[in-house]
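Please read this note with the model open beside you. It goes through a few local features, point by point.

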Amino acid sequence: MNNKKLILIITLTIIVSYVSKIGIHYFGSDELKERYSLLEYVINEKIINFGSNRDRDLFDRSHYNEEVFYNIKISKEVQDALRYGKPIVSLESTIISHGMPFPQNYETALEVESIIRSYGVVPATIAILNGTIHIGLTENEIHYLATVGKDAIKTSRRDIAMVTSMGKTGSTTVSATILFSNLVGIKVFVTGGLGGVHRGAETSLDVSADLTELGKNGVMVISAGVKSILDIGKTLEYLETQGVTVVTFGSDEFPAFFTKHSGVKTPNRLDTVDQCAKLLYSNQLLQLKSGMVVAVPPRDNEHSELIDRAIKESIEQSKVDGILGKDITPYLLKKVNEKTGGKSLESNIELVKNNARIGSQISKHYYNLLKNKQSPTSGTSSTTIKGDELVFNYFDQRVNTFLRNYFKTSSSSSENLLLNGPNKLKGLNGPKPNKQLADNHIEYDIVVVGGAVIDMISHPFKESGFQMETSNPGAISIKMGGVGRNVAEVLSRLQMNSLFISLVGDDVHSSLMMESFQTMNLSSNGVGIKVGSKTAIYNAIMNDRGDLAVAIAQMDIFDEITPSYISKFDLTSSKLLVFDGNIPIESMTYLAQLSRSKGIKLWFEPTSVYKSSKIVESFILSSITYISPNRDELIKISNEIIKKGLIKFENIINNDVNDLENIKKHSIILIESGIKYIITKMGSKGVLLAYKKDDGEFKFELFSAPEVPDNKIVDVTGAGDSLVGCTIYSILLGHNLTTAIPQYGTPCAKESLLSTNPVSPNIKISLFK
């Protein structure tokens, strides 16, 4: 590079740096903006002749522009609000995962969002789900995060890169939520309590990242003040140093989270939401870039003294237990809740809802100011935004590169900027696999091929009982199911490297199914959308004991999971291929051939009595290593084998499903036909493992069913699938079936019996520790 060009770069860099620091390029002259653009032009057009391709790549705009969006998904509702100037309030997610137990966390999150919507404001709960940053969560995503609970990583600014790069699920703290809110232009954020300076910080240096983040981002945080477990006085001093404006709503005293009295005078007082909105507006107009805190005193609480006493006792206990850092707040909240008999949790929930009411009104008033472009000291309008003009072009959002380019890119792409999101694989030639998979030949330890089904499950109320041929009072739930999908979900929850291959239709129901894949680390690379087809639906009616009474299945789409579709995926490196009875016979034959040629073990899950005999018709019995039928499916397969004359069996045999010796005889027929291990699910009677030893002796081992009283059983639908998934997990860890079934499969089946979901959210690695 010659000296003149080097001088040009240095000069332009200094200009841009100076302009950026003083903020002139936001509201400054067109000349300065042109100078800034000139540097971008010089770099992008590669006028500068760097010494190597690597140097040129470092300054290629694509490395610092569009790429940044790929880990962020803004929900459709929030996108519309940002585009067209609708009021928005952001919400943190640590309060969901770490703030309270399930299901209170889930119910409270929905109630808070409902309160915000009641004011005509859009809620935007922020979290990181499987490495993707979500600005706005669906109800299913909130439920997922609520059930994951403390297994989610409590994510502050320092943790964001680690959580996203590892594909983990993280709940955003106040600091991370402030950062992401400001990034996309959300200026009002509601939370419970603000972090602060910990007591004894002069020696521990323990200061919450909430405070430093407030100093960097122009977001207004609505909270109940600083938790009384912290040093409130030092916290206010630190906020002053960071340039953060602090006001108390309707009081001269700064609140202390559970109580409105802290004994600390507030720096400022505002009495109306309109005044708070004008404060925010002025902050943005002046481009101060530092945040604001609006402390809302909690409502009168008869338990304040009890809570204060519990806090003091818990702080002393934390010192004894050596609790430090980010663990201190959840520790203290838990202890305080225990000592108050749950009263502190009730207060916590109520103050969050109260903050949501105030925050929603502030947001609405602020966006009215934005739309009318009023002076903050005037009630008159100078300019009015018309129609659907993009309000984000105003103030700091006018130069918000992230937001501007996000909308530009998302408007031209139906993929919504998600690398690991659902792939809409429509095409004239039918479904196609994900391009990333086809190009990169991603290797998976286990592949599941089978049904993805929407389960519509009806339960009668226990007190009214159940009768056929009449209507029954009860409740109807919609869950994501399908034998193959359920097994794949179990493996995903256990963090297995797995691929699920299936199809959904191009109807309204497919969006529900594809959305469910986003909420867990379950690869959707193998799930295609078939044009002109209907998504599979299983409509089941249960009796008052939770057992299946009758069902109707719409499963035609699975006939399209053909060998040509499956062959588009590289399965050759897999250790185990699992398939259910939903797929066509020719696809079963294809998988059996692949199993034999590559030495891959094969597991068959029959799915239903009707579909179970497909393996007999396809003549692949000897290729199957594992089969996991229930008693009816076992007998059906056995009878079909005898009927076709595949083996001769001279012992007297009948179809009594309750006769254990009879079940053993039917198992022998399957073993003699070539299947290595028969794992028969027998409901309350347990699981029967049957196999043939090297010396020719048939071996039978009976494992007890989970100990769950009938009146505690919620649903039996996914218990068998959960048992299979966890047993497979154990086998891949190197265990044999005599360990895998009772120590891994049975505990998972028990969790499913106690859950409203086919696969319990409680199925996770920690279940076996």
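Predicted model: local features only at pLDDT ≥ 70, side-chain atom pairs only at ≥ 80, totals over all residues.

How does R269 count by its relative accessibility: buried, partly exposed or exposed?

1. R269 counts as partly exposed, because its relative accessibility is 39%. Residues are numbered from 1 along each chain as its sequence is written, and side-chain values use heavy atoms, with hydrogens and water left out.

2. R269 forms a salt bridge with D271. A salt bridge here is a side-chain nitrogen of Lys or Arg within 4 Å of a carboxyl oxygen of Asp or Glu. The closest N and O atoms of R269 and D271 are 2.8 Å apart. D271 counts as partly exposed, at 41% relative accessibility.

3. The structure holds 23 salt bridges. One of them joins K339 and E313, with the closest N and O atoms 3.7 Å apart. This pair links distant parts of the chain: K339 is in helix α16 (residues 328-339) and E313 in helix α15 (residues 304-321), 26 residues apart. Helices (H or I, at least four residues) and strands (E, at least two) are DSSP runs, numbered from the N terminus. K339 is partly exposed at 40% relative accessibility, and E313 is partly exposed at 41%.

4. D80 and K76 form a salt bridge as well, with 2.9 Å between the closest N and O atoms. Why are D80 and K76 separated by about one helical turn? They are four residues apart in helix α5 (residues 76-84), so about one helical turn separates them. K76 is exposed, with a relative accessible area of 57%.

5. Strand β3 (residues 122-129) is mostly covered, since eight of its eight residues are buried. V122, A124, I126 and I128 point one way from β3, whereas P123, T125, A127 and L129 point the other way. Residues on both sides of the strand are buried.

6. Which strands pair with β3? Two strands pair if DSSP finds at least two bridges between them. Strand β2 (residues 88-91) and β3 pair in the parallel sense over four bridges, and S90 stands opposite A124 in β3. Strand β4 (residues 132-135) runs antiparallel to β3 and is joined to it by four bridges; the bridge partner of A127 in β4 is H134. β3 and β4 form a hairpin with two residues between them, and N130 in the turn has a positive phi of about 55°. β3 also pairs in the antiparallel sense with strand β6 (residues 170-172), over two bridges. In β6, A127 has S171 as its bridge partner.

7. An open sheet of four strands has the order β14-β13-β17-β18, with mixed pairing. Its edge strands are β14 (474-481) and β18 (548-554), and each pairs on one side only. Strand β13 (residues 453-460) and β14 run antiparallel and are joined by eight bridges. D455 has K479 as its bridge partner in β14.

8. An open sheet of nine strands has the order β16-β15-β12-β19-β20-β21-β22-β23-β24, again with mixed pairing. β16 (527-530) and β24 (698-703) are the edge strands, each pairing on one side only. Within the sheet, strand β19 (residues 576-580) and strand β20 (residues 601-605) pair in the parallel sense over five bridges. L576 stands opposite K601 in β20.

9. A disulfide is a covalent bond between the sulfur atoms of two cysteines. It is counted here when a pair of cysteine sulfur atoms lies within 2.5 Å, and the count by this rule comes to one disulfide. C726 and C748 form a disulfide, with their sulfur atoms 1.9 Å apart. The pair links distant parts of the chain: C726 is in helix α28 (residues 719-732) and C748 in helix α29 (residues 737-753), 22 residues apart. The torsion about the S-S bond of C726 and C748 is about -85°, so the disulfide is left-handed. C726 and C748 are both buried.

Notes
Buried < 20%, exposed > 50% of the residue type's maximum accessible area, 1.4 Å probe, protein only.
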